[in-house]
Amino acid sequence: MTAQPPEPTVPPVPPAELRASHDDREAVVERLRDAAAEGRIGLDELDARLEQALTSRTYAELAVLTADLPRPSPPESQPPLVLKGGMHGASRGPGRWEVPGRVVARGGMGGVKVDFSRAQCRLTEVAVEAYGEMAGVTIVIPDAWAADTGGMDPGVGGLRDKTTPDRLPGTPLVRHTGSGGMAGVVIRHPNRWERRRLRDNPAPS
């Protein structure tokens, strides 16, 4: 029997070359408009960058447009987002929502899911305290974001970090602390079903 030649392996696409979504482009458009309102870029340059943002295909093309702009922090008085699973569970996302500097997720009896897929984040770092407790906590971050789980105690349920270490310039780093508790904490990028849902249901501009 003749041996079949091995199938060629397809190398993974670098994160910077991943295709950008409508939400990614809209987030850059909002940052550019804010920068123009603050006097950081002129109107002619704003028009040029907006045109490039709306026609950008990859994360790398978008990152260039805001590389020279600072990321403003939200007001110091902004309270943390606290989610408690309770008996019926709790979630935030995947719709558009403003990310505060600190997020606390307690799994409780029903579990908690925090989905940053369409979140608007003006911070370079976000602190997330996750406590798996009885039902667990799931945290979903975009492909371009990165997670630091060095401050997590896996507990009995464990810690599963399924994210990639790659992080695009200008995107947030999510620093995790807390404990896996009985049910554990999962940190990952969107799965296939979630990606399809985001593609089929684009956020309104």
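Predicted model: local features only at pLDDT ≥ 70, side-chain atom pairs only at ≥ 80, totals over all residues.
Reader: How are the helices H2 and H3 oriented to each other, roughly parallel or roughly antiparallel?

Author: The axes of H2, residues 43–55, and H3, residues 59–66, come within 9 Å and cross at roughly 160°. Angles over 145 degrees count as roughly antiparallel. The orientation of H2 and H3 is therefore roughly antiparallel.

Reader: What is the handedness of the crossing of H2 and H3, and which residues of H3 make the contact?

Author: The crossing of H2 and H3 is left-handed. On the H2 side, the contact is made by Arg49, Gln52, Ala53 and Thr55. Their partners on H3 are Glu61, Leu62 and Leu65.

Reader: How do the residues of the contact of H2 with H3 divide by class?

Author: Among the residues in this contact are Ala53 of H2 and Leu62 of H3. The division of the contact residues is three nonpolar, two polar and two charged.

Reader: Which element gives the most to the lining of the largest pocket?

Author: The largest pocket holds about 590 Å³ of space. Its lining comprises 20 residues, and the closest to the centre are Arg19, Ser21, Arg195, Leu198 and Arg199. Two or more lining residues come from each of helix H1 (22–37) and helix H4 (192–200). The element that gives the most, with five residues, is H4.

Reader: How many charged residues does the lining of the largest pocket have?

Author: Arg19, Arg195 and Arg199 are among the lining residues closest to the centre of the largest pocket. By class, the lining has eight nonpolar and three polar residues, and its charged residues number nine.

Definitions and conventions: Residues numbered from 1 in each chain as written. Heavy atoms only, no water. Axes fitted to C-alpha atoms, helices over the stretch in contact; angles between N-to-C directions. Helix = DSSP H or I, 4+ residues; strand = E, 2+ residues; numbered from the N terminus. Parallel < 35°, antiparallel > 145°, perpendicular 65-115°, else oblique. Left-handed = near helix turned anticlockwise from the far one by under 90°. Contact = heavy atoms within 4.5 Å. Nonpolar A, V, L, I, M, F, W, Y, C, P; charged D, E, K, R; others polar. 1 Å grid on protein atoms, 1.4 Å probe; cavity = no way out; pocket = protein on both sides within 12 Å on 5 of 7 lines; lining within 4 Å. Points joined across faces, edges and corners; volume = space filled by probe spheres on them.
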